[in-house]
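Trainee: I want to know what stands behind each label before I use it. Can we go through them one by one?

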Amino acid sequence: MKRLTALALTAIVLASLSSCGTEEIGPSTKLMLFGVDSANWNVLTAMIEEGELPTMARLVQTGSFGVLKSGIPIQSPQMWTSIATGVVPEKHGITRFVAEIPGTDREVPVTSNMRRVKAFWNILSENDISVGIVGWWPSWPAEEVNGFMLAQRAWPVNWSAHGIPFGAARDESGRLIVDEFPGRSYPEELYAEFEPFIITEEDVTAAELDRFFADSRFTDPRKQFHARWVYAKDRSFADAGLAFMRKYEPDVLAIYFQGTDVVSHYYWGYQEDMGYRVEPADARLYGNVVRNYYRFIDDVMADYIDAAGPDCAVIVVSDHGFETKEDLKVRWERGERIRTEEGGKDVPWDHGVDGAFVFSGPGLRSGHRAEDGSVVDVTPTILAYMGLPTARDMDGSPITDIFTPAFLEEHPIEYVDTFETGERRGDDAPLESPMDEGIKEKLRALGYIE
Ligand SMILES: [Zn+2]
């Protein structure tokens, strides 16, 4: 319970006099992590130089930034789990997009119970540091933490491109009815607080679509579909995460955004500035969707940073980059059938090994181009920043180059043998949910599963 002390009262009075109109007393959040799928310097550098990403520009000016190397295979659930654990996929156990239900030939999307090691949210929780985790991939079922977790499957996978409903339906009045199943949030009852924030693809307004397409009235609805559903998902989590950060004030907040990757898969080849030959009408309608999505995420980050205040450190990381495979592009332009090493089919663009990181905040060097890091270094770096040791059995280590000498003097990097005490975690078998077919259809459309 918070007691209304004289100090708090003063703060409230001062806040009511403040003219900036933002949240009165910022949440006590000390560290915010934005997971931005496939964010890369190909796109970021050009946009920052052109003044199109004011939030990222400020973070780069005030923080340390560099290339975050992805691992093998360059796929999202594996790499986001490496980011969250500090270890490679063979050790954490998430090695594919899907896994087989034992005794059957059925495969379902990977689930959090398959993870064999602790994630940073488990380690922080055990050390009395509270956390708020939003939409991580994979994060269903939500885990018991010191704080809250919204599983990625809290957002209902809804109508597919072919109009097939999964995970949710609408009644005659148009009200959304979501299939009930456990584990969408921790604590379980938090789901009721998330529900008002859910928007689905058909809730996205023309004005919102026009943020991505030059004029959405003239776009092909099938070509809108992927920007539309992933925007609905990211928007739902962005709005809920911000409200929950203000309300629950976790010490560490981490939120994952998928849309930068999804729109790169579908709209990368409409970008003339990336060397593609595009019909003028298509270039106008679809040529800026990727960049416009980065702008949207930049705006979302600005809202969080405003709410948290200047003492909160900010981390932006991606699980891999995104790039044109130049050799495949030549063959594709000749009309050959191609497939990238990462698994994408029929197009010469896909994930690349060079992701991005930015760390900005008290104790961190500013305007500093840091040494390259790796996805497995993120968790050790978070632990070091929060004053915890790193573990010798992790594959990564803290990116010490980002810390000021004064910070390192006060908080020298310390080690323990392992955090894997207690029962061995992790099951080989995935769990089933009503959303499995919907998630698989979206992965299939990207060419990642058969
Ligand atoms: Zn990814």
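Mentor: Start with a definition. Buried means under 20% relative accessible area, exposed means over 50%, and partly exposed is in between, with a 1.4 Å probe and protein chains only. This is a predicted model, where local features need pLDDT of at least 70, side-chain atom pairs count only at pLDDT 80 or more, and totals for chains, interfaces and linings use all residues. Residues are numbered from 1 along each chain as its sequence is written, and side-chain values use heavy atoms, with hydrogens and water left out.

Trainee: Why is S38 called buried?

Mentor: Its relative accessible area is 0%. The cut-off is under 20%. So S38 counts as buried.

Trainee: What makes the phi of S38 worth a note?

Mentor: Phi is near 70°, a positive value in a residue other than glycine. S38 sits in the loop between strand 1 (31-36) and helix 2. Helices (H or I, at least four residues) and strands (E, at least two) are DSSP runs, numbered from the N terminus.

Trainee: Which value of phi does E249 have, and why is E249 called partly exposed?

Mentor: E249 has phi near 45°, again positive in a residue other than glycine. Its loop runs between helix 9 (221-248) and strand 10 (252-257). The relative accessible area of E249 is 22%, so it counts as partly exposed.

Trainee: Why is V330 called partly exposed?

Mentor: V330 has 45% relative accessibility. V330 belongs to helix 13 (residues 326-333). Its C-alpha atom is separated by 51 Å from that of A406, 76 residues apart along the chain.

Trainee: Why is W229 called buried?

Mentor: W229 has 6% relative accessibility, so it counts as buried. W229 lies in helix 9.

Trainee: How do you know which residues W229 touches?

Mentor: By contact, which means heavy atoms within 4.5 Å. Not counting residues up to four places away in sequence, W229 touches W155, E201, Q258, V262 and K442. From W229 to F407, 178 residues apart along the chain, the C-alpha atoms are separated by 42 Å.

Trainee: Is K442 buried or exposed?

Mentor: Buried, because its relative accessibility is 13%. K442 is in helix 16 (residues 436-445). K442 and H226 are 216 residues apart in sequence, yet 9.1 Å apart in space, C-alpha to C-alpha.

Trainee: What makes helix 10 mostly covered?

Mentor: Eight of the nine residues of helix 10 (residues 259-267) are buried. Among them are G259, D261, V262 and Y267.

Trainee: Which elements do the buried residues of helix 3 pack against?

Mentor: They pack against helix 2 (41-49), strand 2 (64-69), helix 12 (289-308), strand 11 (313-317) and strand 14 (354-360). The buried residues of helix 3 (residues 54-62) are T55, M56, A57, L59 and V60.

Trainee: What kind of peptide bond joins I72 and P73?

Mentor: A cis bond, with omega about -5°. P73 is in the loop between strand 2 and helix 4 (76-85). The bond from W140 to P141 is also cis, with omega near -5°. P141 belongs to the loop between strand 5 (131-134) and strand 6 (147-150).

Trainee: Now the whole chain. How many helices and strands does the protein have?

Mentor: There are 16 helices and 18 strands. The radius of gyration is 22 Å, close to the 22 Å that the globule rule gives for 450 residues, so the protein is as compact as a globular protein of that length. That radius is taken over C-alpha atoms, and the rule is 2.2 Å times the number of residues to the power 0.38. The C-alpha trace spans about 65 × 55 × 50 Å along its principal axes. Buried residues make up 58% of the 450 residues.

Trainee: Which share of contacts joins residues at least 24 apart?

Mentor: It is 74%, among contacts between residues at least 6 apart in sequence.

Trainee: Where does pLDDT stay under 50?

Mentor: Over residues 1-24, for which the model has eight contacts beyond four places in sequence. pLDDT is the predictor's confidence in each residue, from 0 to 100. Where it is low, the predicted coordinates should not be read in detail. The protein averages a pLDDT of 90, and 93% of the residues score at least 70.
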